[in-house]
Amino acid sequence: MAASEGVLLGMGNPLLDISAVVDDAFLTKYDIKLNNAILAEEKHLPMYDELASKSNVEYIAGGATQNSIRVAQWMLQTPGATSYMGCIGKDKFGEEMKKNAQAAGHLKRPENWALVEKAKYIYIAGFFLTVSPESIQLVAEHAAANNKVFLMNLSAPFICEFFRDAQEKVLPYVDYIFGNETEAKIFAKVRGWETENIEEIALKISQLPLASGKQKRIAVITQGADPVVVAEDGKVKTFPVILLPKEKLVDTNGAGDAFVGGFLSQLVQGKSIEDCVRAGCYAANVIIHRSGCTYPEKPDFN
């Protein structure tokens, strides 16, 4: 089944990734950890200019949802199969989402809502919960009422911790939930589940209450170099990932987004979970060979 036009829609915060190679002193100076996502504070403001002044700086169109949709589009190689929606501010990096109350109103404009109407699969990263939970709710309810597939991502530990209420409200509508092992553990911890076993957590997430009309939820948890965990219908399956020698690993930024993009590229074509995970692992493997969420002209996946 080939992907039809506009079958997959992503909604999220479009960001400009400012990427540079830095040393430990830089990490210490700004109190940041490797392989982590946090909300920027006042102390981080000078960091962007410092990064921009580095000789090895790269600017890459980013934002978790946009990364996933771009990878899905690359994997599909079908013009117009995907759409993406978000808005940017007018600061010099164009990376701040406009945090205003009109976000849900902006979505209801006919030309924007037409993209929602056309899509059969809608993906939103958890980061969008920090900006416009109303928009997410609107789209989630539309998906439920029209028998569409709605997918989300846990996205970051701070989302699970500090945006729990917004996350809780939308979860009953979510058909597929993605996350990594760190996010899954925090998700379990804030709910007092008292387990750090990823298979157990994935199962519990898949069995959380569903909105009326929803049949089931599938939880997909990645664990870096360890197997991908998929919980569905009360059962857990694990799938090995493509292992990469450490010396070939360039940049893990966007690897999780790429996994989702690869997964979505097969899901919208009606492929099996096995094929979806395989494509996700392939896309993530391509991305970690390169700087930022970038890829060669054509995929080599079949």
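The model is predicted. Its largest nonpolar core holds 42 residues, and the whole structure contains 11 salt bridges. Strand β5 is largely enclosed by the rest of the structure, because five of its five residues are buried.

**Nonpolar cores**

- Within the largest nonpolar core, the residues that touch the most other members are Phe-150 and Met-152.
- Beyond four places in sequence, the contacts of Phe-150 include Ile-122, Ile-124, Ile-136, Val-139, Ala-140 and Ala-143.
- Further contacts of Phe-150 include Val-170, Tyr-173, Val-174, Asp-175, Tyr-176 and Lys-214.
- A second core of 31 residues is separate, and among its members are Ala-81, Leu-267, Cys-281 and Ala-284.
- In soluble globular proteins, nonpolar side chains tend to be buried together.

- Strand β5 spans residues 121-125, and both of its faces are covered.
- Tyr-121, Tyr-123 and Ala-125 are buried on one side of β5, while Ile-122 and Ile-124 are buried on the other.
- Strand β1 (residues 8-11) runs parallel to β5 and is joined to it by four bridges.
- In this pairing, Tyr-121 of β5 has Leu-8 opposite.
- β6 also pairs with β5 in the parallel sense, here over five bridges.
- Leu-151 in β6 stands opposite Tyr-123.
- Helix α6 (residues 133-145) forms a right-handed β-α-β unit together with β5 and β6.

**Helix α9**

- Helix α9 covers residues 181-190, and its buried residues are Glu-183, Ala-184, Ile-186, Phe-187 and Ala-188.
- The cover over these buried residues includes the strands β6 (149-153), β7 (176-180) and β8 (218-223).
- Helices α7 (157-162), α8 (164-170) and α10 (198-206) are also included in that cover.
- The N-terminal end of α9 is capped by Asn-180, with a side-chain oxygen 3.1 Å from the backbone nitrogen of Thr-182.
- After α9 comes Gly-192, which has a positive phi near 65 degrees.

**Salt bridges**

- Lys-43 and Asp-31 form a salt bridge in which the closest N and O atoms are 3.1 Å apart.
- Both Lys-43 and Asp-31 lie in the loop between α1 (24-29) and α2 (45-52), so the pair ties together parts that are 12 residues apart in sequence.
- Lys-43 is partly exposed at 41% relative accessibility, whereas Asp-31 is exposed at 51%.
- Arg-164 and Glu-168 meet through their side chains in a salt bridge of 3.5 Å, N to O.
- This pair lies within helix α8, where Arg-164 and Glu-168 are four residues apart, about one turn of the helix.
- An α-helix has 3.6 residues a turn, so residues three or four places apart point the same way.
- Arg-164 is partly exposed at 27% relative accessibility, and Glu-168 is partly exposed at 35%.
- Lys-216 forms a salt bridge with Glu-232, with 2.5 Å between the closest N and O atoms.
- That pair links distant parts of the chain, 16 residues apart: Lys-216 is in the loop between α10 and β8, and Glu-232 is in strand β9 (residues 226-232).
- Lys-216 is partly exposed at 31% relative accessibility, and Glu-232 is partly exposed with a relative accessible area of 21%.

Conventions
Residues are numbered from 1 along each chain as its sequence is written. This is a predicted model: local features need pLDDT of at least 70, side-chain atom pairs count only at pLDDT 80 or more; totals for chains, interfaces and linings use all residues. Side-chain values use heavy atoms; hydrogens and water are left out. A nonpolar core is a set of buried Ala, Val, Leu, Ile, Met, Phe, Trp, Tyr and Cys residues joined through side-chain atoms within 4.5 Å. Buried means under 20% relative accessible area, exposed over 50%, partly exposed in between (1.4 Å probe, protein chains only). Contact means heavy atoms within 4.5 Å. Helices (H or I, at least four residues) and strands (E, at least two) are DSSP runs, numbered from the N terminus. A polar contact is a pair of N or O atoms within 3.5 Å; within protein, one must be able to donate a hydrogen and the other to accept it, and residues adjacent in sequence count only if both atoms are side-chain atoms. Two strands pair if DSSP finds at least two bridges between them. A crossover is right-handed if, with the strands pointing away from the viewer, the path from the first strand over the helix to the second runs clockwise. A salt bridge is a side-chain nitrogen of Lys or Arg within 4 Å of a carboxyl oxygen of Asp or Glu.
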